[in-house]
Number of protein chains: 2
Amino acid sequence: MSSSKTLRKLEVVSPVPADIDIANSVEPLHISKIADELNLSSDHYDPYGKYKAKVLLSVIDELKGSKDGYYVVVGGITPTPLGEGKSTTTVGLCQALGAYLDKKVMTCLRQPSQGPTFGIKGGAAGGGYSQVIPMDEFNLHMTGDIHAITAANNLLAAAIDTRMFHESSQSDKALLNRLCPPNKEGKRTFADIMLRRLNKLGISKSIPGDLTPQEIKKLVRLDIDPESITWRRVMDVNDRFLRKITVGQGPEEKGMTRETGFDIAVASEIMAVLALTTSLSDMRERLGKMVIGNSKAGDPITADDLGVGGALTVLMKDAINPTLMQTLEGTPVLVHAGPFANIAHGNSSIVADKIALKLVGPGGFVVTEAGFGADIGTEKFMNIKCRYSGLTPQCAVIVATIRALKMHGGGPEVVAGKPLDRAYLTENVALVEAGCVNLARHITNTKAYGVNVVVAVNMFSTDTEAEMTAVRNAAMAAGAFDAVVCSHHAHGGKGAVELGIAVQKACENVTQPMKFLYPLEFSIKEKIEAIAKSYGASGVKYSEQAEKQIEMYSKQGFSGLPICMAKTQYSFSDVASQKGSPTGFELPIRDVKASIGAGFIYPLVGTMSTMPGLPTRPCFFDIDVDTTTGRVLGLS
Amino acid sequence: MSSSKTLRKLEVVSPVPADIDIANSVEPLHISKIADELNLSSDHYDPYGKYKAKVLLSVIDELKGSKDGYYVVVGGITPTPLGEGKSTTTVGLCQALGAYLDKKVMTCLRQPSQGPTFGIKGGAAGGGYSQVIPMDEFNLHMTGDIHAITAANNLLAAAIDTRMFHESSQSDKALLNRLCPPNKEGKRTFADIMLRRLNKLGISKSIPGDLTPQEIKKLVRLDIDPESITWRRVMDVNDRFLRKITVGQGPEEKGMTRETGFDIAVASEIMAVLALTTSLSDMRERLGKMVIGNSKAGDPITADDLGVGGALTVLMKDAINPTLMQTLEGTPVLVHAGPFANIAHGNSSIVADKIALKLVGPGGFVVTEAGFGADIGTEKFMNIKCRYSGLTPQCAVIVATIRALKMHGGGPEVVAGKPLDRAYLTENVALVEAGCVNLARHITNTKAYGVNVVVAVNMFSTDTEAEMTAVRNAAMAAGAFDAVVCSHHAHGGKGAVELGIAVQKACENVTQPMKFLYPLEFSIKEKIEAIAKSYGASGVKYSEQAEKQIEMYSKQGFSGLPICMAKTQYSFSDVASQKGSPTGFELPIRDVKASIGAGFIYPLVGTMSTMPGLPTRPCFFDIDVDTTTGRVLGLS
C-alpha cells in the first residue's frame, strides 16, 4: 500500500508477549534509512550509533518557506494509577497513519527519565505492538540530553554556593579586581556577560576603572539571600536520601553550611527551558534569565548575574537538537525533552514539533503527547506550549479506557501492584456510563480551544461491545468529533486504522479558530482562577505563603507569564480520590513558585515529590547484560 | 610523502596563536574518513556526530589473529605546576609519525574531566599545533562516557542508602518475600544476581522456601556498617560545597542521616574499572565485585551483594567502546577513560590501546600517555595497566623542559598565574645541569622495566642551544636510548620528526624482556616498599590507620592486588617542595584504601583532594555560544 522503503507491517502474536520480547523481535532499520524517507540529507542530522540521530535545528530555517502538516495532540481522561495507554496510543496512531494509511507522519515523544527505569516503573517507549525501538536506547542515556541538563543544572548550583563563599571573604575592590583581571595588554575589562548585568543595573560604563564605589558594590556583590535560593541540584537517579541535605560541611568551606536538596534531573528548570525554547538564541536568553533566588534586597538573581548563562548554553548546545528514532513499524519518531507534568508543563519540545511539522508537510501528521490527564497536559499544551510556539493544533485525541471510566463511575479503588477488582473484568455498562462524566468534561474543556476532539478507546481484552458503545454514545453527546475503539497494543498500527481515519477527518474539518483559556494580561490570580474553573472549582483559596509569592512575582514584573498548575493527575480537583467530575470545591493554592527562564509561574496545589525513591527490590535486580551478545536483559 | 587521503600538513603561524584559534582554523575530516583509513568498516564503529565515533570492542576479537604494532608510553620528569607538555608531545609525536614519517599511528589519550573546563584549567586536548580536534567536543560531553560513569556510580550510592533504610524497618522474612516476589506462576524465585550472593555465602539452595532462618538472615540482611562505607556520590562539576554533606534529612527518611560527600566523577572507581577492563564480561565482573564498605561483622559488601552489578554494566555498556577522534594533522586518536593519577592509576584504557595496536599492526605505532611524572604515571602504567593487559611496551618517552630542569637544579619556585622568574627566561646551563638529576632518576627507573627510553625536550622559545645540549648529554649518560629536542607546539608534526625517528629506532632495538618492579605475591607492605625505594626513600612509615587497613585488606584476601600510590606529582618524595632527586627520606603512609573492582590497593601519601572548587572568577565567565554559527566561544 505504501511506497515507502522503511515501513513494515508486524506479524502479531496472541496473547501479546512482554514488551521487551516484542521490541527485541524486530530488527530496527538503520537510522539513515528513516532519515532518507524524510528527505533529510546527511547535513541535516548527526547519527548517534546505528539507530538514533540528532536532527539539527537548522532544518527549521531551511524549510521556513514550506507549509506545516496537521498537528495532533494526545491527552487522556483522568487516569487510574496504572495509566491508560496514552504513549501507546500516540505510537499506535502513528503506526496506523504511516504504515496503513500511507500518510507522512511523525511521532513526538518525551524522553523518559533514566532513574525510574531502575526503580519501580519500567520504560516509557509505549507498549505491546506500539513501541519505539530500540527500547533500551530510548530508556537509557539516549543521546545524552538529560545528562547535559544535569551538568548544566549543577554547574549553576556550584556557581551559586561558590559565589556566596567568595563574596563573604572579599572586599568590593578585591572582587572587582578578580572578576575583571587584566588582559594581555594589562588592561582590566568586563567580560561580555558582565555587561549584561551592568545593563540590567542601568550602569552604562564599559571600563572597570570608571565605576564609582557604589557601582562596584552593585556589580560585584550579588548579596544572595541564602534563604531565598530555589535552585536545587539534580541527578537522574532515584536517590531519596538526597531529598534534603546539608552542604558545605567540609573544613575548607568555613562553616558556610546550608540546607538544600536534589531533585531528579527531569525536574530541572533547564528541562522546561529545553522543552519551550524555539531557537539557540532563545535558549541562550532563557538560560541566562533563570532566577535562582533573590538578593537580600529582594531583587531576583539570574544565571547571567552569576556569569554562567553562556556556559550553560554551551553545555546544552547539542541537547537542543531532537533525537530521531523509529516505531516498531518503521515510522519516524522525534524524542525530545521530558519536563515534569506538575511543576512543569509535561510536554515534549517545541522545536521537535516544529521540525516534524515541516518534515511531514501539508497533508502529513505530527502527533505529540501531553503528559497526565487532559485537564493538565492538554491545558498546558494549549496555554503554555502553543502560546510560546505559535503553532495551532487541529485535533486533540483523548484516550479513555473502560477501566478508568468504571473507576470514575464509582468502581472500587485501583491500586498498582494489586489485582484488579472483578468490577473491572466483567461487563458493567451502568458503571461505564456513570464514569463518562469525566470524559465529557475533558471533551468540553478541550473543544473550547477550537480543536476537534477524537476519543480513542484503548481496548482491553475484557472490554465488551456494549461498554464500548456506551462510551462512544457519551463522547458524541459531549461534542466529540468522533469516538473510536482501537487495539494497537495487540495489533500495532492495524489496530488503530479507524482512529487514524477519524483523526484525519478531524484535522480536515476544523471550523473554529484557536482560543486560549486566558489572556496573558490577566493577573496571576485571574489566570489561576480561569484554570481552576476549568477543573470545576467554585473558587480558589490561597495560603499566606501563596499570597506572599504572588505579590513578590508581580512586583518583580513576572505577572505576565502563563500559569503551570502543579496538581494531582488523579482528579480534576486537588483531592486524588474525587473521581468523575467534581464541582463546587475550592482549589487550595499552597505555594507559588516560578520558572522564569522557562517562562511560567507554577502554583502548588498540594505537595509534589520531585525525587522518587527505590523500593526494597528495585527493578535493577533483574537488569544485566548478556556479555556474549551485548544485549540488555530484564529491562521492562 | 604519505599515501593517505586523510593526512594534511599544517600551515603554521608565528608567534603561535591561541589554542582555540588554531583548533578552529582547521576543518576536521568527517570521522568516517579517519575510520576508512584504519580499514574500519561501518560495522566496526558507531558515529556520534560528524567528528566522533565509538569503535566497537568486537574489533579486538575480529583482529585476534593479527599482530600488534609498537607500543610507546609517554611519561614526564617531575613537573612544574605549569605542566611540561606531555599531552602536547604525545599528540605531536603522532602527527610526526603519521603525517611526516608515513607510519600507521594511533594516539591513545585520556578523556578530560568536564568540570574543571569551567573552573581554572582549560581543556586537555594538547596545545599549539599539536591538538586533538574538535576541541570543544573533546572537552565537553564527548560521547557520554563520564555521564554514564556518574549515573552508574550514583545508582550504586542510592542502592546503598536505600538498602540500609529498608533493612532497618523489615523482618528477615519480609525482606525475603520482597526480594523474591512470586513470578507469574506464583512461585518465589531468586534473581540471577541473588544466586551470586548465595554462592559467595556458600549456600547452594535454589528455592527461597528451602532456606533456613539463619540462611535467610545471611542472604537478605547485608547489615552494612554505615561507618565503613567508602562509596561516595560523584558529579562532573567543581562543586566544593559537596565535599562533605549530610544526607537523609527529609522527614520520610526517618532520621537515618549520614555524613558523606561527592567526588568529581572521574574519581569514581567505575572510571578506574573502565580504564582497566579488558572485555564486557570482565567489566561485568569488576563492577559486581566493587566493595562499598563492610558489614558490621567486617565482611566486604559488593555491588553484586546489593543486586546492582548487572544494572551498572547496562549503564556502562556503550562507555566501554573507545572514542575515535583526530589530530590537527588528521592522524587518528582514541580517547578513552580518564582516571585520577593519584587515587587511581592515571592511564587511558586498556581496550583502547589493544584496539589501536591491532589497527596499526606490525610496524605501526600506538602512543599512549601516562598521567603525572614518570615516577607515578609510568610506574602505574607498567605495574598496574600492563600487568592487567598483558601488553609489552618497547619504548618509553620522557618529556622534559628546560624550565622544569632549572627548577630541579635550584631555580626559584614556579607558581601558576605568576610571571616566571628571570632564571627561567635566560640561559643558565649550570642550573639545567644541576636539575638533570631528576631526569636521570626517571630514566633509570623507567629503563628498569626493560624498555628503551627516549627523552623528548619540549622546546620553548627562550631555551638555548647550550642548555639543550646539556640535557642531551645528561640523558645519554643516564642511559637514555636517545634524547632529542622537539618543537611540535610551534610546528606541529614537523617539529617532532626527529623524535619520531628516535622512537622508531628505540622500538626496533629492544634487547631486554619486560620486568615489573614487584611481583604480586609480595605482601602489601613489601610492594609499597618496592615503590618507595624507586622514589629514593630509605624506608616507609605507616600510620596506625594505615596498619589497620593493611591488616583488614590482607584478612579479606585482597593482598594480591597491585599497589597504586596516591602521592604528589611535584616531587619524588611526599613533600612537593623537594625537587631534584631526594634520597634518604621515610615515605609516610597516612591511610590505605582499595578499589577492589578496578583491582588495586591505594596507599595515601598525604591528603588528596577529590573535588576541586571554582575560583572567584571561573572560566565560565568567558564561555558562550555564537548563536548564529553555533560555535563555542571562550573555551581555552
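Is A:Arg243 buried or exposed, and what is the relative accessibility of A:Arg243? A:Arg243 counts as buried, at 18% relative accessibility; buried means under 20% relative accessible area, exposed over 50%, and partly exposed in between (1.4 Å probe, protein chains only).

The model shown is predicted, and local features need pLDDT of at least 70, side-chain atom pairs count only at pLDDT 80 or more, and totals for chains, interfaces and linings use all residues. Residues are numbered from 1 along each chain as its sequence is written, chains are lettered from A and ligands numbered from 1 in the order in which they are written, and side-chain values use heavy atoms, with hydrogens and water left out.

**Figure 1. The salt bridge between B:Glu252 and A:Arg243.** The two side chains meet at 3.1 Å, N to O; a salt bridge is a side-chain nitrogen of Lys or Arg within 4 Å of a carboxyl oxygen of Asp or Glu. B:Glu252 lies in the loop between strand S8 (245-247) and strand S9 (258-260) of chain B, and A:Arg243 in the loop between strand S7 (233-235) and strand S8 (245-247) of chain A, so the pair joins two chains. Helices (H or I, at least four residues) and strands (E, at least two) are DSSP runs, numbered from the N terminus. B:Glu252 is partly exposed, with a relative accessible area of 45%, whereas A:Arg243 is buried at 18%.

**Figure 2. The interface of chain B and chain A.** The contact (heavy atoms within 4.5 Å) takes 81 residues from chain B and 81 residues from chain A. The size of an interface is often given as the accessible area lost when the parts come together. Here about 7,000 Å² is buried between the two chains, and carbon and sulfur atoms give 66% of that area. B:Phe241, B:Thr616 and B:Phe621 supply 11% of the area that chain B buries against chain A, more than any other three residues. Buried area is the accessible area (1.4 Å probe) that two parts lose on being put together, summed over both.

**Figure 3. Polar and charged pairs between chain B and chain A.** There are 14 salt bridges between the two chains, and one of them brings together the side chains of A:Lys50 and B:Asp46 (2.4 Å, N to O). Across the interface, 35 residue pairs are in polar contact, both residues being at pLDDT 80 or more. A polar contact is a pair of N or O atoms within 3.5 Å; within protein, one must be able to donate a hydrogen and the other to accept it, and residues adjacent in sequence count only if both atoms are side-chain atoms. On the side of chain B that touches chain A, helix H6 (residues 145-169) of chain B gives the largest share, 12 residues. By class, that side has 39 nonpolar, 21 polar and 21 charged residues. Ala, Val, Leu, Ile, Met, Phe, Trp, Tyr, Cys and Pro count as nonpolar, Asp, Glu, Lys and Arg as charged, and the others, Gly among them, as polar.

**Figure 4. Strand S16 (residues 395-400) of chain A and its neighbours.** Of the 6 residues of S16(A), 6 are buried, so the strand is largely enclosed by the rest of the structure. A:Cys395, A:Val397 and A:Val399 point one way, and A:Ala396, A:Ile398 and A:Ala400 the other way. Two strands pair if DSSP finds at least two bridges between them. Strand S3 (residues 70-76) of chain A runs parallel to S16(A) and is joined to it by 5 bridges, with A:Gly75 opposite A:Ile398. Strand S17 (residues 452-458) of chain A also runs parallel to S16(A), through 6 bridges, and there A:Ala456 is the bridge partner of A:Val399.

**Figure 5. The hairpin of S21(B) and S22(B).** Strand S21 (residues 591-595) of chain B pairs with S22(B) in the antiparallel sense over 5 bridges, and B:Lys593 stands opposite B:Tyr602. Between the two strands lie 4 residues, and B:Gly599 in the turn has a positive phi of about 105°. In strand S22 (residues 600-604) of chain B, 5 of the 5 residues are buried, so this strand is largely enclosed by the rest of the structure. B:Phe600, B:Tyr602 and B:Leu604 point one way, and B:Ile601 and B:Pro603 the other way.

**Figure 6. The salt bridge between B:Lys200 and B:Asp305.** These side chains meet at 2.4 Å, N to O. The pair links distant parts of the chain, 105 residues apart: B:Lys200 is in helix H8 (residues 192-200) of chain B, and B:Asp305 in the loop between strand S12 (300-302) and helix H12 (309-316) of chain B. B:Lys200 is partly exposed, with a relative accessible area of 46%, whereas B:Asp305 is buried at 4%.
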